[in-house]
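Here is a short tour for anyone opening this structure for the first time.

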Amino acid sequence: MSYDFKKIEAKWQKKWEEKKVFQVKENSKKKKYYVLEMYPYPSGYGIHMGHAFNYSIGDIRARFKRMQGFNVLYPMGYDSFGLPAENAAIKFKSHPKIFTDEAIKNFVKQQKALGLSYDWSRVLWSHDSEYYKWNQWIFLKMFEKGLVYRKKALVNWCQKCDTVLANEQVHNGKCWRHEDTEVQIKNLEQWFIKTTEYADEILKMVDKLEWPERIKTMQKNWIGRSEGVEIDFEVSSSAGGTKWKVFTTRPDTIYGVTFMVVSAQHPKLMELVTEREKRKAEDFLKKIKSVKQEDIDKLDKEGVFTGTYARHPITGEKIPVWAGNFVLADYGSGMVMAVPAHDQRDFEFAEKYGLGIIPVIKPLDVRTPLLKGHGKAITEPGIMLNSRQFDGMNSEVAKEKITDFLVNKRIAKRTVQFKLKDWLVSRQRYWGTPIPMIYCDKCGILPASEKDLPVKLPEKVVFGKGNPLETNKEFLNVKCPDCKGKAKRETDTMDTFFDSSWYYLRFCDSKNKKEIFDRKKVKYWMPVDSYIGGAEHATMHLIYARFFTKVLRDMKFLDFDEPFKKLFNQGMVHASDGFVMSKSRGNVVDPSEIVKQFGADTLRLFLVSNGSPDKDFNWDSRGIEGIHKFLNKAHDFLQKTKPSSSSKKTESKLNKSTKEITEDIENLRYNIAIIKIRQLFDYISEEGRISKKDVQSFVKLISPFMPHLAEEFWEKLGNKGFISLEKWPEADEKKIDESIEKEEQAIDKIVNDINNVVRIIKEKQDKEFTKAFIYVIPKEKNLVSKNINSIEKRTGLKVQVFASNDSKKYDPEEKSKNAKPGKPGIYLE
């Protein structure tokens, strides 16, 4: 019979909420500990198994630290703005706010059913104007500091929707809603944030973070610092001669440049295209259906001649300028020098279009320099050739010498480039934070006044064509803050990554209506001690959050450099078929259904039992049933147990387990901690006799994992208050008897040996056994004899023990001769 988990879990969830058990305030007398999971999007489908896994990891951490005496901040909020809610609202002819409010209500209900110990008094969501007001305030502060600017950028455009599409809405070059409509690329004015201003500091501080090494590596690669040279190339065009600053990390190859490539997405491309080449260029550009990097990467490397030439900065030779689909518009100036002899991509492009190839580096181990048709570029260092006064020089030395030469001629400068680009933060969408800027024909572009914040999203809008904000006159038309004349609001909204870049700070003071947060409260709680979430956020959210922290620090609102002290990436829960759970595959296991069937404590314990929490694992319905059986056994035993006194062996095992389990939980080895808890329970239930103090310690050990049952047991033992707020048990190392532990290990080994022999013979001979005869060296006989009951229980066999030198022993196959210290002989019947 299953214990009444529904009644027990509902009872304690209600009590926790009524007594506000997990609400916290700043307390200078207590050490703080801030646990936080990454800001979740409240999907209309509710929480999935990955959420349940993530939240279980965080909640166990929070409960453990709370019992260790820390003042624990453990809040929850919802990343509720964004495209999914807007798309769903359009699809179901609803409103994003209605859709989102319902989704959050469902999320909260499911999270509470898991027994998560959040401080619900601090809950927040992005679409609350009391939250996004401070998004707008931060934007204005960044604008004041020169960290926000506006420039043209390429976007995906759907003619039928009459709006910009996010990259996620472009499917195979077509609009997600109009599958017959090819996406166009438009060059529109967009708002940017200067993340590159902090690129060096963000990169330098990566190594100091207590984060997984792979995340740190991903951040370094994403930021991508490159030291190189910016060389001036004069380019003739229909608009006249212009100077293009071309970045390279290979100045040693300057004499091998045979053509230039400008990005096909460059806003000034058509200025370079001559009338003669215009038709070819336009046809070429039509092939580019998306500004999505993944789509660009899939394209064959192609290009078209612009009809324009650049002038080689040293030799003065004419170099053809091509447009290519593989050069990024925001890499340097958007134009690169092509050296096909020493760059494989350039080599393939030159071969395809019959362009020149001039080798300027001869490999040390190859006699013949690269010639056209050789098949590949030479990319390794070597000896310079075809490079005038630099011939014969080692190419690594030549890098510096040629750079000095170019710098001295004032046609180049040393510089640093980053792969990290400024953040395009504006979105032509409705469901997001309105950008607080105003356009006046007389005064230009102006920031909204802080006293007018928040600039609220109007609720009465019409979806279907274009950005709904552009057709809402009440929102759009406004007075200019300077001349008081007619003006218009910005209709773009902010990228939702803006919302999640600082939410962890707002949790410290989430109800403050006068300021973004009380600096004293933030000083007490921050930084986050344990931040838990997926590795997929390594290169966007985590970089933006670090950037925001540094900006607010420099504005004197914060006094620390990094937002997250420790980062933990949980694994993924796959379906039993090994695939990621998805509705389309029909392999989803709903955590709410598991809670209804087995209870929250069972689900929590199962999710962290399968392996290390940072590893992926497959769902196993047999596993959940096994965990539920264990909880039933624990419930039955603790309900019936009448505390008495503990043996020295019990005290030793309990204190040793307490020491090890504490270390395991501290280091997020939850699965190992649970193995030890179950082993300890097996011993206690077999022993049958335990003191009240020791049984209370055991209940405390299980409390972070199965909090509802632990509260029930705590009350049953006659205690008042909540075990969730009790002190974590401390191991008394004086009571740990290593000799007892060694004896235990010896018995474990005997049991394993017997079970292995039984299994092997059964597999080979299909033979069953009822008796086991154990032969040990004389001095080990007492140890084994006093543990006969345990051995019999764990093997299912009737056991007899003999000293190997016992002349009256029963030993038909002389197995006693096999007895050695710590290794008995075994005979089965």
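Helices here are DSSP runs of H or I with at least four residues, and strands are runs of E with at least two, all numbered from the N terminus. One thing to keep in mind from the start: this is a predicted model.

## A buried arginine

Let's start with R506, which sits in helix α14, a stretch covering residues 503-506. Does R506 count as buried or exposed, and which side chain of opposite charge is nearest? R506 is buried, and yet it has no salt bridge. The nearest side chain of opposite charge belongs to E130, 5.0 Å away. A salt bridge would need a side-chain nitrogen of Lys or Arg within 4 Å of a carboxyl oxygen of Asp or Glu.

Who are the neighbours, then? Leaving aside residues up to four places away in sequence, R506 touches L124, E130, Y131 and W134, and also K511, N512, E515, I516 and F517.

## Two helix pairs

Next, find helix α7 (residues 213-223) and helix α16 (residues 541-554). They pack at an angle of about 75°, and their axes are 11 Å apart. That angle makes α7 roughly perpendicular to α16. On the α7 side, the residues in contact are I215, Q219, W222 and I223, and they meet L542, I543 and R546 in α16. Sorted by class, this contact has five nonpolar residues, one polar and one charged.

The other pair is helix α18 (residues 600-607) with helix α23 (residues 707-716). Here the axes are 7 Å apart and the packing angle is about 125°, so α18 and α23 are oblique to each other. A600, D601 and R604 are the α18 residues that meet P707, H708 and L709 in α23. By class, that contact has three nonpolar, one polar and two charged residues.

## Two cis peptide bonds

Now for some backbone details. The peptide bond running from L453 to P454 is cis, with omega near 5°. You'll find P454 in the loop between β22 (444-447) and α13 (473-476).

Another cis bond links M526 to P527, this time with omega near -5°.

## Positive phi without glycine

Where does K93 lie? Look in the loop between α3 (83-91) and α4 (96-113). The phi of K93 is near 50°, a positive value in a residue other than glycine. With 79% relative accessibility, K93 counts as exposed, because the cut-off for that label is over 50%.

D766 is not a glycine either, and it has a positive phi of about 55°. D766 lies in the loop between α24 (738-765) and β30 (771-776). Its relative accessible area is 62%, so D766 is exposed.

## A buried glycine

Last stop: G534, in the loop between β26 and α16. With a relative accessible area of 8%, G534 is buried, because that label applies under 20%. Not counting residues up to four places away in sequence, G534 touches M38, N569 and Q570.

How far is G534 from W728, in sequence and in space? They are 194 residues apart along the sequence and 29 Å apart in space, going from C-alpha to C-alpha.

Terms used
Residues are numbered from 1 along each chain as its sequence is written. This is a predicted model: local features need pLDDT of at least 70, side-chain atom pairs count only at pLDDT 80 or more; totals for chains, interfaces and linings use all residues. Side-chain values use heavy atoms; hydrogens and water are left out. Axes are lines fitted to C-alpha atoms, for helices over the stretch in contact, and angles run from 0 to 180 degrees between N-to-C directions. Angles under 35 degrees count as roughly parallel, over 145 as roughly antiparallel, 65 to 115 as roughly perpendicular and the rest as oblique. Contact means heavy atoms within 4.5 Å. Ala, Val, Leu, Ile, Met, Phe, Trp, Tyr, Cys and Pro count as nonpolar, Asp, Glu, Lys and Arg as charged, and the others, Gly among them, as polar. Buried means under 20% relative accessible area, exposed over 50%, partly exposed in between (1.4 Å probe, protein chains only). Lys and Arg count as positive and Asp and Glu as negative; His and the chain ends are not counted.
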